[in-house]
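I opened the structure to look up a few of its features. These are my entries, in the order I wrote them.

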Amino acid sequence: INFINNISLKPDCEIQKSSLLTQEGEQQQLQSMNSTQADYPSDLCIHHLFEKQLAQTPNNIAVTFEEQSLSYFELNVKANRLAHYLIKQGVKPDDIIGLCLERSLEMMIGIMAIWKAGAAYLPLDPHYPKNRLQHMIQDSHLSILLTQQKITAVTEGMSIQRLILDNKELLNTLSIYSVANPTVEHLTSRHLAYVIYTSGSTGLPKGVMVEHQAAINRIDWMQKQYKLKQNDVVLQKTPFSFDVSVCELTWFFTVGARLVMALPGGHKNPAYLCDVIQEKHITTIRFVPSMLRLMLANSDWAHCQTLRQVFCSGEALPADLPALHYEANDAVLYNLYGPTEAAVEVSYWQVPNKNNRMTIAIGKPIQNIQLLVLNEQLQLQPQGVAGELFIAGAGLARGYLNQPELTAQRFIQHTFSDGSAKRLYRTGDLARYLEDGNLEYIGRVDQQVKIRGFRIEPAEIEQQLTAHPDIDSSLVIVNKKAHEERLVAYLITKSSIKESQLIKNIRLSLHAYLPDYMVPSIFVILPQFPLTASGKIDRKALPEPDATFFSGKYVAPDGKTELILTAIWSGLLNIPQTQISANANFFELGGHSLLATKLINDIKEKMQLEIEYIDIFDFPILRNLSVAMDNKLKTDSLMESLAESNDYAVEELEW
């Protein structure tokens, strides 16, 4: 009716440009649903928040890593000395400094020092392929890289000045620099705070530039909404190349709370995380939903009662997870949504203990953010009607580093603006407003996907695949079984090489350019792609991948341990036991780091055997892992016998 009325009022207007909303409906979405104006310290940089808190709680413990700790005063001294050194090296506002570090105290010192020197930090995951790191370093024009002694080989041979933060010579040099807070001329909140690279549809990752002001708005809102206290303890476990880490690394110091940094790799291990939560009395933690599901499967999760708030973000929160969480834990569960291009979080929803929804809402906009649902003609969509989600307000990134055309495509003019916001970021996400004013996430407009919280452009993987000399064309999709999502690459090849060897070669080639989470779990070789009547690839007609596509020659599992392992793998990977060969590779069947932790738990439960996380990676072949487990069983049995005999000898001696 609104549509017909609008046409009658403007008969000369093109039909596709006519709004589906009345003027009152438009005002409701623009003002009522997006009335988020709030004061925040927009003139400050992130490190200024730290320095303000330092004056109040200099002796509070700021950061803990294993048995090491730094008070607010000690962190400030170390960061200031490094900042003064960087300034002397010529660092200035909007410069970008690389950080290639494992999780450690040096990471926190490095980030704080970079901000105090007026620059922005660029996280470089030392586990990324060298070719990818090289591209990021060249694309960002880094001149200085902060790193650690044990991972210098990762950046060996790259033309960049490296500062090894745990090097004794550098530490001696830094000791003579001032401990006073540096004053950087002309530094404002509109200068860059960090640059984070995300997957790119052009075949190469792209850098997102975020200013201090955008991050400050988000940090200020987090504290107003969720109110950390000085006795709170936050766990920093997210890889710092993932945007969610920014909140973990900053929010705590606005109130004098404490940050506990997990061991490198510890973020993948539910058993370790449960131990840390209990031992360090963690109160605040964040998970991608797929990791929360693994935590819920761990029996120790029920003992993590120091938690008072758990945040989920990074991917859609499945509707069944909240009930499972609240059955085991009293911590309040929150669902947050947002992209790297908008300082990460732009909407929030407190998930109730009892949820009657079929899906979990992503909630309402945070302070100083507008969330608009628009159609292809950039007209506002009515409540309940799906459209692309656009973001405006204080959280928007500056744009993409060295990519003005892409920036112009994604950050467009705000046609509904009252003057306070001039740009809209088009997320590529489909959403709709519900009757209660909350937003519901529906899916993607394009082919971009998220797996275990990582944003992935299949086009980037496809470009690497088609660059391989043995591949004619490729298509990468997400295959979902139960609660597991796996990347599947469908290939048309131009090689006579044996299929199993060809897939092995392709996998190795991808690992040289892509991080592990972007390498497909499954490769399916086809003679040709199925096509629709219009000549496009018929995605619905692609064969469902199973173990026959990638297991090689079938060898029947034999022996008790192999058969138990086969049953466990079958449950984890959603593959019939009859298709799992004794020479099958856990990761080639669709396994990944998070499932590896579940595998360890299942082995412990079904066989009363504890194996190490690294064992799954050292022995990914079913038969090899079985042999390693049998050897461990024999060793454990022998040690137990020796312990019993020693106990007997001690008792006899005491008698």
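A charge sits over a ring if NZ of Lys or CZ of Arg is within 6 Å of the ring centre and within 35 degrees of the ring normal. With that in hand I looked up arginine 132, which lies over the face of tyrosine 128, at 6.0 Å from the ring centre. I note that the model is predicted.

Entry on ring pairs. I searched the whole structure and found 20 aromatic pairs. One that I checked joins tryptophan 221 and tyrosine 226: the ring centres are 5.5 Å apart and the planes stand at 85°, so I filed the pair as edge-to-face. Tryptophan 221 is buried, at 4% relative accessibility, and tyrosine 226 is buried with a relative accessible area of 4%. Ring pairs also link Trp221 and Tyr226 into a cluster with Trp251, Phe311, Tyr334 and Tyr348.

Entry on the cores. The largest nonpolar core has 125 residues, and Leu86, Leu146, Tyr194, Phe252 and Trp301 touch the most other members. Which helix gives the most to this core? I found helix α5, residues 105-116, with nine residues. Next I looked up tyrosine 194; leaving out residues up to four places away in sequence, its contacts include Ala120, Tyr121, Val208 and Ala343. Another core, of 40 residues, lies apart from the largest one, and Val154, Ile461, Ile503 and Ile506 are among its residues.

Entry on a hairpin. Strands β1 (residues 61-65) and β2 (residues 68-71) run antiparallel and are joined by four bridges. Phenylalanine 65 has glutamine 68 in β2 as its bridge partner. Two residues lie between the strands of this hairpin, and glutamate 66 in the turn has a positive phi of about 55°.

Methods: Residues are numbered from 1 along each chain as its sequence is written. This is a predicted model: local features need pLDDT of at least 70, side-chain atom pairs count only at pLDDT 80 or more; totals for chains, interfaces and linings use all residues. Side-chain values use heavy atoms; hydrogens and water are left out. Two strands pair if DSSP finds at least two bridges between them. Rings of Phe, Tyr and Trp (its six-membered ring) pair if their centres lie within 6.5 Å; planes under 30 degrees apart count as stacked, over 60 as edge-to-face and the rest as tilted. Buried means under 20% relative accessible area, exposed over 50%, partly exposed in between (1.4 Å probe, protein chains only). A nonpolar core is a set of buried Ala, Val, Leu, Ile, Met, Phe, Trp, Tyr and Cys residues joined through side-chain atoms within 4.5 Å. Contact means heavy atoms within 4.5 Å.
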